[in-house]
Amino acid sequence: APRDGLGPYISHPTSFPPTAVITHNENFVYIRDMYPKSIIHTLLLPRDQSKTKLHPFDAFSNLEFLRKTMYEAKKLKALVAEELKRLFGEQEGRDWEQEVKVGVHAAPSMNHLHVHVLSRDCVSERLKTVKHYNSFNTPFFIELDEFPLAEDDERRNPTRGALLKQELQCWRCGKSFKNQIKQLKEHLDEEFEEWKKTPKVS
Ligand code: 5GP
Ligand code: ZN
């Protein structure tokens, strides 16, 4: 089934080319997202059979497992930051790790537990819909650092539809684009030219 598409990476990491599987160890596989929603988009896949079919909220309520996953996610984040530095150069006062997001979707579509580790730009031909964009730029995207979630965290019962359909907002300048994905994407192309040269002045 298409929703089980991440399974083979976990069971047979060595059967994939290095363009698909970045690296693996006994407990984790680092892969490239096949439909990247940013210039660099990777996934961290835990291999623990007792966790891989759990919802992230449940899997990451185990603090020992959360700690291990955070440790690996930090390593993958550093790799992604290295790639950004290779692409756009070492820049005075720039920490490329600050341009990398690490987290999960409140309602994942793929069955195997995975953590997204991606650059913030959202510039990609594969990013086509309002839902695609909002799934990485609203509270639907939950940073790994926010786990474990409190018992009463409202994202445990996310108003998913609402978050994914909410008004499009540029992640960099906050400008609103209503539901106009085409206009947002043109704007993100312009922001990209600035972003790759200049850290956000905040
Ligand atoms: P989710 O919405 O479940 O958090 O995201 C699943 C991610 O898996 C998506 O970003 C999607 O592009 C990616 N994906 C779906 N199928 C495959 C696949 O077969 N291989 C790889 N490498 N990524 C996939
Ligand atoms: Zn903007």
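Q: What should I know about the numbering and the model?
A: Residues are numbered from 1 along each chain as its sequence is written, while chains are lettered from A and ligands numbered from 1 in the order in which they are written. This is a predicted model, in which local features need pLDDT of at least 70 and side-chain atom pairs count only at pLDDT 80 or more, whereas totals for chains, interfaces and linings use all residues.

Q: In what order do the six strands of the open sheet lie?
A: Strands of a sheet pair through backbone hydrogen bonds, either parallel or antiparallel. Strands here are DSSP runs of E with at least two residues, numbered from the N terminus, and two of them pair if DSSP finds at least two bridges between them. The order in this open sheet is β1-β2-β3-β5-β4-β6, with antiparallel pairing. Its edge strands, each pairing on one side only, are β1 (21–24) and β6 (141–143).

Q: How many bridges join strand β4 to strand β5?
A: Four bridges join β4 (residues 100–105) to β5 (residues 115–119), and these strands run antiparallel; G103 stands opposite H116 in β5.

Q: Which residues are around ligand 1?
A: A residue counts here if its C-beta atom, placed from the backbone, lies within 6 Å of the molecule. Around ligand 1 are G5, I31, R32, D33, M34, Y35, H105, P108, S109 and M110.

Q: With which residues is V29 in contact, leaving aside its neighbours within four places in sequence?
A: Contact requires C-beta atoms, placed from the backbone, within 7 Å. With those neighbours left aside, V29 is in contact with Y9, I10, P13, V21, H24, L45 and R47.

Methods
Two residues are in contact if their C-beta atoms, placed from the backbone, lie within 7 Å.
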